[in-house]
Amino acid sequence: IDPADGKKKSVYLGNIDAKLTVDGGRAFQWPGSTFFLYVLNNNGGRPNGVVRTAQGVDNIEVETATTKLYQAWYQQQFFGERASALLGLYYLNSEFYVNDASAPFIHPAFGIGSEFAQTGVNGPSIFPVTSFGARFRLDITPQIYWLWAVLDGVPGDPDKPHGTHVEVGKDGGWLLATERGTKSDDGKLGLGIWHYTERFDDLVDTDAAGNPVRRLNQGFYLIAERQLTRAAEDSARGLRAFVRLGVASPDINQFENAVQIGVTYQGLFPGRGDDIVGFGIARESNGDKFRQVASAAGEAAPTYEDAYEFTYRARLANWLVIQPDVQYVRNHGDPVVMRATIVGVRCELSW
């Protein structure tokens with residue numbers, strides 16, 4: 001519903017994934033190796049073009065409809081599968097900043113935190129543009145893991161949004177990320193730290209010559225998730241809660257920090273053991289310097305934006321998922337659209 005005129009507006013979004021995984025041990029007698037290709041197509045409209053929120057409203061919305069090679073990597077396992085090294089086009093949010101309970105939500109902030117997603121020249125290596133790099137994973141114990149990644153600081157080519165473009169190390173330096181934590185069937189606790197080797201312009205401060213001061217672009221995030229209840233007849237069913245907090249450099253970024261909290265329940269209704277119902281809240285807080293620049297330009301400069309989401313993910317067949325979803329966003333930066341309600345249905349077909 002467009003708050004500007006009160007009229008209902010509908011937008012279609014499409015996302016097609018085509019994935020190929022090759023077990024190198026079986027295909028080439030290369031034990032412990034995996035080859036992975038992922039082609040992505042996104043099409044349709046832009047719902048956030050109507051409501052104009054800071055964090056977005058749908059995790060498959062893109063600026064430019066296109067088809068691209070999204071991931072292409074080789075992975076080798078070592079030490080009895082306790083360690084692995086990966087090289088190629090890599091999607092950072094496939095392993096970093098991930099927790100199971102937030103995954104069913106459609107709002108983008110429940111994937112990778114808004115404070116991290118905003119960074120860099122063309123974002124970090126996440127949807128919908130990835131970059132070339134390397135990732136190393138060490139499973140210290142079955143429960144304790146440690147991740148490291150080095151990725152090109154500018155995914156793709158910002159001037160060429162169509163198709164796949166890889167320009168390693170041309171501009172923008174490198175993105176360094178690490179995450180360490182514990183994970184089990186009962187939950188997850190993790191700490192991540194990230195840093196760009198390239199410096200970025202301060203939003204406000206200048207040097208003696210009047211040029212923007214160049215600042216470090218870095219931050220960290222925390223993830224906590226816990227299984228609160230389990231059904232006696234099925235351990236997969238029950239209530240799960242999560243909280244995530246991320247902080248980014250406020251001198252150069254809009255979002256100073258972001259928080260997501262929520263709960264999900266799997267198997268709420270008898271005979272619907274795979275269905276998931278969830279409620280989540282995502283808040284981003286704008287930094288003082290961003291608000292100062294916005295005010296000077298005569299634009300609205302709210303302290304924060306809140307997004308509330310209620311979703312029900314119903315698996316009707318092995319190949320079919322239907323997901324009704326309702327979001328309410330308030331207090332974002334558009335002076336006309338201060339509140340918005342988004343109602344939608346996502347349909348997933350897989351084979």
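**Figure 1. A salt bridge between K188 and E179, two buried residues.** Both K188 and E179 are buried (under 20% relative accessible area; exposed is over 50%, partly exposed in between, with a 1.4 Å probe and protein chains only). Their side chains meet in a salt bridge at 3.6 Å, N to O, where the term stands for a side-chain nitrogen of Lys or Arg within 4 Å of a carboxyl oxygen of Asp or Glu. Please keep in mind that this is a predicted model, in which local features need pLDDT of at least 70 and side-chain atom pairs count only at pLDDT 80 or more, while totals for chains, interfaces and linings use all residues. Residues are numbered from 1 along each chain as its sequence is written, and side-chain values use heavy atoms, with hydrogens and water left out.

**Figure 2. The salt bridge of D205 and K289.** Here the N to O distance is 2.8 Å. D205 sits in strand β9 (residues 200-206) and K289 in helix α4 (residues 288-296), so this pair ties together parts that are 84 residues apart in sequence. Helices (H or I, at least four residues) and strands (E, at least two) are DSSP runs, numbered from the N terminus. D205 is partly exposed, with a relative accessible area of 27%, whereas K289 is buried at 15%.

**Figure 3. E348 and R313, joined by a salt bridge.** The side chains meet at 2.8 Å, N to O. E348 belongs to strand β17 (residues 339-349) and R313 to strand β15 (residues 304-317), and the pair links distant parts of the chain, 35 residues apart. E348 is partly exposed, with a relative accessible area of 29%. Elsewhere, salt bridges that share partners join D202, D205, R215, D251 and K289 into one network. A search of the whole structure finds 20 salt bridges.

**Figure 4. Aromatic pairs, with W30 and F35 as one of them.** The whole structure holds 22 aromatic pairs; rings of Phe, Tyr and Trp (its six-membered ring) pair if their centres lie within 6.5 Å, and planes under 30 degrees apart count as stacked, over 60 as edge-to-face and the rest as tilted. The W30 and F35 rings have centres 6.1 Å apart and planes at 65°, so they are edge-to-face. For Y70 and Y91, the centres are 5.5 Å apart and the planes are at 40°, so that pair is tilted. Y70 is buried, with a relative accessible area of 2%. One aromatic cluster is formed by F36, Y38, Y70, W73, Y91 and F127.

**Figure 5. The largest nonpolar core, with 27 residues.** A nonpolar core is a set of buried Ala, Val, Leu, Ile, Met, Phe, Trp, Tyr and Cys residues joined through side-chain atoms within 4.5 Å. The residues with the most contacts inside this core are L92, F96, F116, W194 and Y221. Its largest share, four residues, comes from β6. A second, separate core of 13 residues includes A109, F110, V329 and I342.

**Figure 6. E61 in the loop between α2 (48-51) and β3 (66-78).** E61 is buried, with a relative accessible area of 16%. A polar atom of its side chain lies 3.3 Å from the backbone nitrogen of N48. Leaving aside neighbours within four places in sequence, E61 is in contact (heavy atoms within 4.5 Å) with several residues, including L13, G45 and F127.

Technical notes: A polar contact is a pair of N or O atoms within 3.5 Å; within protein, one must be able to donate a hydrogen and the other to accept it, and residues adjacent in sequence count only if both atoms are side-chain atoms.
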